[in-house]
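Here is a short report on a protein model. It starts with the place where two chains touch, then turns to one chain.

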Amino acid sequence: MKMYWYKTTLIALTLTMFSACSNDNDEPDNGLNPIETTAPGAYIVNTGNWDANNASIQWYDLTKATLSSDLYEAANGKKIGDAQDLCVYGSKVYITGSTSAKIEVVSSKNFTILKTIPLSNESGQAITPRYMTATGGNVYFTAYDGTVSKLDTTSLSITGTVQVGGYPEALTNANGKLYVNLSDYNWDSTGKQIAVINLSTFTKVKELDVILNPYDECMTGDDGKVYFVSTGHSDGNPPHTLQCIDPETDEVTSLCTASKIAKKGNKIYFIHSEYSTDDKQIGVYDLETKKTSDFINYSDISNPGSIDVDPVSGDVYISSQLSKALNEVYIYGSDGTFKKKIETGYYTTRVRFRYK
Amino acid sequence: MKARRAPLSTTATAPLQQMGKAEMERLGAAEVADAVRHFSGVSVKDYGGIGGLKTVSVRSLGAQHTAVSYDGVTVSDCQSGQVDISRFSLDNVSNLTLTIGQSDNIFQTAKMFASAGALSIETTRPDFSSKPFHLSVNLKAGSFGLVNPSLLYSLRLSKRLSLSAYADYLRADGNYRFKMKNGNQLIDSKRNNSDIESYRAEMNLFVTLSQKQELKAKLYLFDSQSGLPGGVIYDNPYAAERLYDRNYFGQVKYENHFSDKWRLQASGKFNYSWNRDYNNESSGITDDHFRQTETYLSTTLWSEPIKGLSFSLAQDFAYNYLSTTLQNCQYPERFTLLTALASHYKSNHFSATASLLNTYITENVRTGDAAPNRKRLSPTISLSWKPFDFGWRFRASYKDIFRSPTFNDLYYLKIGNSNLKPESTRQINVGTAFNTSTLLFFNYLSLSVDGYYNRVKDKIVAVPTMFIWKMMNLGKVETIGTDVNLAGETDLAKNYKLLFTGTYNFMQAEDITDRTSKLWKNQIIYTPKHSGSGSLTLENPYVNVTYNIMYASERYSQAQNISENRIKPYTDHSVSLSHMFKWKKQQSLRIQLDALNLGNKNYEIVRFYPMPGRNYKVSLTYNL
C-alpha cells in the first residue's frame with residue numbers, strides 16, 4: 001500500500017491554517033474598580049436596547065463636569081442587563097430591570113451591589129418591574145402583572161403587594177398616597193386611569209379618570225402636586241397631554257400638550273413630539289401665566305427622548321436617542337444657552353440628580 | 001464514489017455553486033443549513049439548536065434578498081420576507097445550487113430572475129433503470145434527545161407513471177448546557193424551552209404524457225411545534241413562548257419539448273401557511289394567529305433559433321394574502337405580475353446572458369392605506385470568456401434588482417409604513433474560474449476567485465421616534481468582497497482517495513447612510529470581515545473520514561463598531577465517519593457518525609443565542 005505522504009501533508013497543511021486563526025485566550029480580568037461617586041452629580045440611566053443586555057448607568061460629576069463609564073460594571077465586574085428606572089433613596093440606589101426581572105440595590109457611594117432581588121410569582125414566572133417611587137422607608141415599584149409592591153429599604157425584602165390591574169407604569173407619592181399610571185399597553189383604549197393607593201393601609205382606594213394612556217411620566221413637583229403625561233395612541237387624538245392632580249382634592253386638570261416633562265419652580269420644561277403629525281416642540285410651560293414658549297429649536301437635537309432639570313442650578317438635560325448608536329445628552333442653561341454635549345450609552349431615558 | 005462539484009460552476013457567467021447528494025453525505029450534513037454553510041459567499045443566520053430559525057443571506061445582502069426554490073418554484077413568505085430553511089430535510093434532496101446574481105439557465109420562472117441570489121433545492125427524481133421501486137429508510141439520533149426517522153419510497157406504476165413518497169418525524173429536547181460570560185461572572189446554565197416536534201410528508205407524481213411532454217405534481221405538508229427559548233437575558237432564564245407552524249402546498253409543473261428549438265414550461269402552486277405564537281407570562285397570555293395563502297402561476301417559453309443563441313419569455317402571476325389576529329389587521333392582499341425576457345449566447349470560448357425583468361405590484365387592504373402600485377424594470381447582464389483551450393474562464397456580471405417591502409414592513413401594527421419603497425441592490429462581480437482533470441496528481445481540481453462590489457439603497461430599517469418605531473427607507477450599504485473556492489480530488493493509493501474543499505470570503509460591508517453619523521463606514525451588524533470553511537475527506541475501503549472546519553472572524557452585535565459590541569471569532573470543527581455495507585440486489589446500509597463542534601465552544605452567531613457545545617449524531621440508512 002503506497003501512501004503518497006507528501007501530497008497528504010501539503011493538503012493538510014493548507015487546511016490547518018484556518019484553525020490557527022482563532023486565539024481564545026481572554027484577557028485576564030483586571031479585578032473590580034469601583035468608581036467613587038461624590039455629590040453633587042447625576043446618574044445617567046441608559047436603559048439599553050431590547051434583549052441586548054447593554055444597559056449602563058454613568059455618573060456625571062457636576063463639580064468636575066466629567067462623565068464616568070458604567071458604574072455597575074466597574075464596581076461589580078459584570079453588566080446589569082437592562083435598567084428601566086433608577087431611584088436614589090437614603091444611602092442606596094435602586095434599579096428596576098424589566099426583562100432581567102429583578103431589582104438591584106446598590107450603594108450610592110460606589111454602586112457595589114448590596115442585594116439583587118429576583119422577581120417571580122408563585123408559578124415561577126418572571127415578573128417585569130417598571131418604575132419606582134420612594135417614601136417612608138419603602139421603595140414602591142410597579143410591575144406588568146398589574147401590581148404595586150412595597151420594598152422595605154432596611155430589610156431589603158418585599159413586604160406587601162397591591163393589585164391595581166392592567167399595565168401600571170410610572171408612579172409617584174404625594175399626601176400619603178401613591179398615584180399610579182394605568183397605561184393602555186394593549187392599545188385597546190382601556191388604560192385611562194390613575195390608581196390611588198392609601199399608603200397607611202396599602203390598599204387601592206380609587207381610580208381617577210384621566211386622558212387615554214398615562215405612561216412613563218408621573219412625578220411630584222416641589223409644590224407637592226402630581227404631574228403626569230398621557231400619550232394616547234400617538235395619533236394626535238388625543239394629543240400627548242400634561243395633566244396635574246391636586247393630592248388634597250384628587251382633582252385632575254389638563255395643562256398643555258407635552259410628551260416628556262421636567263419641573264423646577266414655576267416652569268415645566270417639556271418635549272412634545274407626536275408620531276402622526278408635525279407637532280414638535282421643546283418648550284417651557286409657565287404654571288403662573290399658563291403659557292407655553294419655546295426653549296430651544298427641536299431640530300437642534302436628533303430624536304430628543306427625555307428631559308430632566310437640575311434642581312439646584314436649573315440646567316436642563318435633554319437626551320438624543322440616536323438609533324443604533326451610543327446616545328448623547330445635551331446640557332443647556334435655564335435660559336436655553338447650550339453648555340455641553342456628552343456621549344452616554346444605549347437608549348438614555350433619565351438623568352437623576354444627587355446632591356448629598 | 002465521485003463527489004466533485006459539477007463543471008457548471010466553472011462555465012457559469014455569475015458565481016454558481018452546486019452540491020450533490022454524495023457531497024452532502026460526505027460533509028455530514030443532516031439538514032439544508034448544514035450543507036449551505038459550506039458554500040462561499042453565503043451566511044446562515046443561526047439562532048442555535050435543532051429547531052431554531054435559520055435563514056440564508058447572500059453576500060450580507062440579507063435573507064429577504066435571497067430566493068429559495070423547491071423543485072423550481074419559489075418558497076415565499078410575504079409576511080416576513082424570509083424563508084426558514086430549518087424546515088427542509090436533506091433526506092429526499094439530491095441537489096443544492098446557489099447562484100449569486102443571475103443564473104445562465106434562462107428556462108425558468110420569472111421569479112427566479114427577481115432576487116439578488118437564489119438557493120435551489122431539488123428533490124430526488126427516482127431512477128428505475130435497475131428495478132421498479134426504491135425504498136430508503138433512515139434513522140437519525142443524537143444529542144439533546146434528537147430522534148428523526150424518515151422514509152422515502154418510490155414506485156413505477158406504469159411505463160408513464162411513477163410516484164415517490166417521503167415522510168419524516170423529528171423530535172428533540174434541545175436543552176443543551178452552555179457557558180457564557182457576563183464580565184467576570186460565568187453563566188453556566190442550560191437552554192430551556194427549546195424542544196421541537198415536527199412532521200413532514202411529501203408526495204410526488206411523475207407523468208410522462210408523451211415523448212415530449214411531462215407532468216410533475218407535488219403535495220407537501222409540514223407541521224411543527226417548538227419552544228422559543230429566546231436570547232439569554234442576564235438574570236432571567238424564564239422562557240415559555242411556543243410556536244406552532246403548519247404549511248401545506250401543492251405544485252404542478254408541465255413541460256413540453258416541442259422540438260430542439262422550442263420548449264414550454266408551466267407551473268402552478270397553492271400554498272397555505274398558518275402559524276401561532278403563544279406566550280404565557282406574568283402579565284398574561286398572548287396568543288396570536290397568522291394565516292397566509294399564495295396562489296402562483298408561471299409560464300415560460302424558450303426558443304433556440306440559432307445554435308448557441310436562445311431566448312426565453314417568462315410570465316408569472318402571484319396572489320398573496322395575509323390575515324392575523326393582531327389588533328387592526330388590515331388583511332392585505334398583493335397581486336404581483338412578473339415578466340422576464342432573457343437571452344443566452346453560448347459558444348466554445350464565450351458565453352453571455354442578458355435579461356430584463358418587469359415587475360408590477362398592486363395591493364389592497366380592508367382598512368387603512370394600501371401601498372401604492374409599484375412598477376420597475378430590472379436588467380442583468382453577465383459574460384464569461386475562455387481565452388485558451390483548457391478550462392480557464394473569466395467572468396463579469398451586473399445585476400440590478402430589489403426586494404419589495406414585506407407585509408410586516410408595510411402594515412404591522414403602528415410600525416408599518418405603507419409608503420415604503422422597495423430596497424434595491426446593485427451587484428457587480430468580476431472573477432475567474434479554473435478547472436482541470438490533468439494537473440499533476442489531481443483527479444480533479446477547481447479554483448475560482450471572484451471580487452464583487454454591491455450597493456444597497458433605500459434599506460428598510462426600523463427608526464425610533466417618541467414612543468413608537470417606524471419602518472423607513474433609510475439605509476445605504478456599500479460592500480466590497482472576495483470569494484475564493486477551491487475543490488479537488490486525488491488518489492493516494494489504490495482505493496484510497498482524498499477529497500478536499502475550501503472557501504474563503506472577505507467581506508467589507510459598510511454603512512454609508514449618513515456622513516455625519518457615528519455609524520459612517522461601520523461594518524454592518526453580524527457581518528464578519530473574514531470567513532471560510534474547509535473539508536478534507538479520506539475515502540478508503542474501511543471507514544470514510546471527513547474533517548470539517550468553519551471559521552468566522554470578529555463581528556459586531558450592534559450597528560456601532562465599538563469594543564462592547566464585538567463578538568469573538570469562532571472556529572467550528574467537526575468529524576464524520578461513515579461506511580456503506582452493500583449486498584446483492586442493490587441493498588445497502590450506510591452508517592454515519594458525526595462529532596460536531598469538537599472545540600466545545602458555545603460560540604454565537606446571533607448575540608446571546610449560544611450554539612450547543614460538542615454533540616453527536618448517528619445516522620443509519622437502509623436502501624432497497
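How many residues does the contact take from chain A and from chain B? It takes 50 residues from chain A and 44 residues from chain B. Two residues are in contact if their C-beta atoms, placed from the backbone, lie within 7 Å.

## The side of chain A that touches chain B

Helix 1 (residues 5-16) of chain A gives the most to this side, with five residues. Helices (H or I, at least four residues) and strands (E, at least two) are DSSP runs, numbered from the N terminus. By class, the side of chain A that touches chain B has 21 polar, 19 nonpolar and 10 charged residues. Ala, Val, Leu, Ile, Met, Phe, Trp, Tyr, Cys and Pro count as nonpolar; Asp, Glu, Lys and Arg count as charged; the others, Gly among them, count as polar.

## Model and confidence

This is a predicted model: local features need pLDDT of at least 70, side-chain atom pairs count only at pLDDT 80 or more, and totals for chains, interfaces and linings use all residues. Residues are numbered from 1 along each chain as its sequence is written, while chains are lettered from A and ligands numbered from 1 in the order in which they are written.

The mean pLDDT (the predictor's confidence in each residue, from 0 to 100) of chain A is 92. In chain A, 92% of residues reach 70 or more. Over residues 18-25 of chain A, pLDDT stays under 50.

## Chain A and the cores

Chain A has two helices and 28 strands. Its C-alpha atoms fill a box of roughly 100 × 50 × 45 Å, taken along the principal axes. Of the 356 residues in chain A, 46% are buried. Buried means that 20 or more other C-beta atoms lie within 10 Å of the residue's own, with C-beta atoms placed from the backbone.

The largest nonpolar core has 78 residues. Such a core is a set of buried Ala, Val, Leu, Ile, Met, Phe, Trp, Tyr and Cys residues joined through C-beta atoms within 7 Å. Leu242(A) is among those with the most contacts inside it. Residues that Leu242(A) touches include Tyr227(A), Ile261(A) and Phe270(A). A second, separate core of 55 residues includes Leu16(B) and Val68(B).

## A four-stranded sheet

An open sheet in chain A has the strand order 8-9-10-11, with antiparallel pairing. Two strands pair if DSSP finds at least two bridges between them. Strand 8 (129-135) and strand 11 (157-163) of chain A each have a single partner strand, so one side of each is left without a neighbour in the sheet.

Strand 9 (residues 138-143) and strand 10 (residues 147-152) of chain A are joined by six bridges. Phe141(A) has Ser149(A), in strand 10 of chain A, as its bridge partner.

Notes. Buried ≥ 20, exposed ≤ 12 C-beta atoms within 10 Å, placed from the backbone. Lists of a residue's contacts leave out its neighbours within four places in sequence.
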